[in-house]
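I opened the model to look up charged side chains and surface patches. My entries follow.

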Amino acid sequence: MSTTDAPKKPRETDDVPVPATLRKSLKNRHIQLIALGGAIGTGLFYGSSESIALAGPSILLAYLVGGLAIFAIVRALSEMSVEDPKAGAFSYYATRYWSKRAGFISGWNYWFNYILVSMVELSVVGSFVNYWFPAIPTWVSAAVFLVIICAANLLGVSKFGEFEFWFAIIKIVAVIAMIIGGLAVIIFVLPTASGVRASFANWFTVGNGFFPNGLMGQNSDGSWTGLLMALVVVMFSFGGTELIGITAGETEDPKTTIPRATNDIIWRILVFYIGALGVIMAVVPWNIIDGKSSPFVQIFDSVGIHAAAGILNFVCLTAVMSVYNSGLYANSRMLYSLAKQGNAPAYLGKLNSRGVPVAGVLTSAAITAIAVVVVFVWPEFAFNYLMSIATIAGIINWTMIMLTEMKFRKVVAAGGAPEDSELAGLSGQEALDAIHFKLPFAKVTPWVVLAFLALVVVLMCFSTSYRIAVIAGVIWLAILFAAYQLTQAKK
């Protein structure tokens with residue numbers, strides 16, 4: 001491209017017309033907070049009560065083990081993202097380093113997964129709004145927030161980054177405030193609502209100790225409990241951390257920013273999951289956390305902040321908006337990538353002057369709107385079946401990331417690295433050694449993670465609420481395989 005054709009604008013703005021291309025407008029602070037915010041959602045604020053009930057204080061070990069697995073998955077994705085930063089990371093890498101079929105399955109699986117997640121988030125947003133404004137119909141709240149987030153995504157990637165930055169700030173402040181408040185109760189021996197003295201010793205002295213339900217056991221009603229069963233709940237609370245890979249194609253300096261954001265995942269899990277829940281169970285005995293209210297509400301009540309329910313309601317409202325904002329962004333880029341591969345209609349691969357795949361944004365928003373209608377009309381069907389597919393789709397996505405990383409290394413070793421990569425022209429061990437951001441113990445780690453994910457699927461079969469997800473996953477994969485064969489036959 002000649003200098004006369006070059007864009008006449010700073011990279012970080014999205015409001016001056018330039019040739020249609022994705023903009024590398026996401027700065028380091030955007031990526032850091034997107035990665036951080038992706039690990040904090042309603043699963044932590046409300047879903048943690050379910051995992052605590054299953055494992056008691058030993059849930060901290062479950063979050064540590066699950067966190068290590070997620071860290072390895074994101075490291076594998078980031079290894080590819082740093083060397084070959086592209087939009088629609090999972091699908092692009094699966095196509096480039098594995099096969100077109102793998103790219104099709106990976107891309108559409110992830111897209112549909114986030115459609116279903118967005119559907120649920122939008123369907124519950126009305127309940128948070130009704131806390132303050134009970135007269136507003138829930139469908140009106142869903143429609144308003146859908147339009148707002150859709151408009152934000154159409155403004156450009158830097159605007160998306162700003163929205164996510166501030167959404168994440170709100171969630172982070174809430175968790176840190178809870179931790180500081182809980183530590184104050186413990187240090188100054190303040191009275192608590194339960195009457196039990198706040199102490200970290202409560203992990204070992206309350207309700208049969210640290211492992212109250214053992215590794216795995218069966219209740220009188222036939223349901224399974226214990227540390228291993230809690231892993232199922234824990235793993236799904238980490239959904240969204242892989243968004244880092246999606247942003248690589250629009251990041252200013254992926255070689256610096258992506259590794260930093262990825263490596264910080266460990267301390268985020270230590271602070272925001274293990275740290276937060278550890279403090280909660282020190283202040284509020286784990287065996288009285290019954291799920292009727294959030295553990296975060298209970299600890300704020302213990303501190304004496306009786307407006308805790310209202311505060312958490314606001315935080316959860318922003319968390320829901322954050323999930324849908326990220327979901328719409330990820331889905332539009334995934335459709336863009338699929339279109340470029342020939343695995344989706346060509347119109348989805350077009351960009352406007354701001355570098356936004358408008359068709360991908362509007363198509364994803366429209367499908368989500370239809371899905372939300374399904375939730376309101378047939379709520380039991382939607383949550384029992386559609387969310388089961390979303391549940392297993394996350395496992396499929398993580399599995400394909402690890403398998404693709406192994407394929408990526410084989411291609412790199414054979415001298416097939418991207419032409420614009422520093423690995424170009426290298427082969428064998430020399431090429432593997434030159435990878436900028438290596439997955440630790442790359443010969444072993446993928447197999448360990450795959451075995452762990454297989455264990456999670458087996459454990460899901462022991463749970464009545466998750467067993468249907470395993471069946472749905474088999475059916476869903478069969479549908480994706482059939483859809484690919486059908487599209488190829490038409491071509």
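I began with Glu164, which is buried (under 20% relative accessible area; over 50% is exposed, in between is partly exposed; 1.4 Å probe, protein chains only). For charge, Lys and Arg count as positive, Asp and Glu as negative, and His and the chain ends are not counted.

This is a predicted model: local features need pLDDT of at least 70, side-chain atom pairs count only at pLDDT 80 or more, and totals for chains, interfaces and linings use all residues. Residues are numbered from 1 along each chain as its sequence is written, and side-chain values use heavy atoms, with hydrogens and water left out.

What does the side chain of Glu164 make a polar contact with? I found the side chain of Ser322, at 3.0 Å. A polar contact is a pair of N or O atoms within 3.5 Å; within protein, one must be able to donate a hydrogen and the other to accept it, and residues adjacent in sequence count only if both atoms are side-chain atoms. I then listed contacts (heavy atoms within 4.5 Å), leaving aside neighbours within four places in sequence. Glu164 touches Ile34, Ser322, Asn325 and Ser326.

Next, the salt bridges. How many are there by this rule? I count 3 salt bridges.

I looked at Arg409 with Glu79: their closest N and O atoms are 2.9 Å apart. Arg409 lies in helix H17 (residues 379–413) and Glu79 in helix H4, so the pair ties together parts 330 residues apart in sequence. Arg409 is buried at 15% relative accessible area. Glu79 is buried too, at 0%.

Arg409 also forms a salt bridge with Glu405, again with closest N and O atoms 2.9 Å apart. Both lie in helix H17, 4 residues apart, about one turn of the helix. Glu405 is buried, as is Arg409. Shared partners join Glu79, Glu405 and Arg409 into one network.

I also noted Lys86 with Asp84, the closest N and O atoms being 2.7 Å apart. Lys86 is partly exposed at 27% relative accessibility. Asp84 is buried at 1%.

How values were computed. A salt bridge is a side-chain nitrogen of Lys or Arg within 4 Å of a carboxyl oxygen of Asp or Glu. Helices (H or I, at least four residues) and strands (E, at least two) are DSSP runs, numbered from the N terminus.
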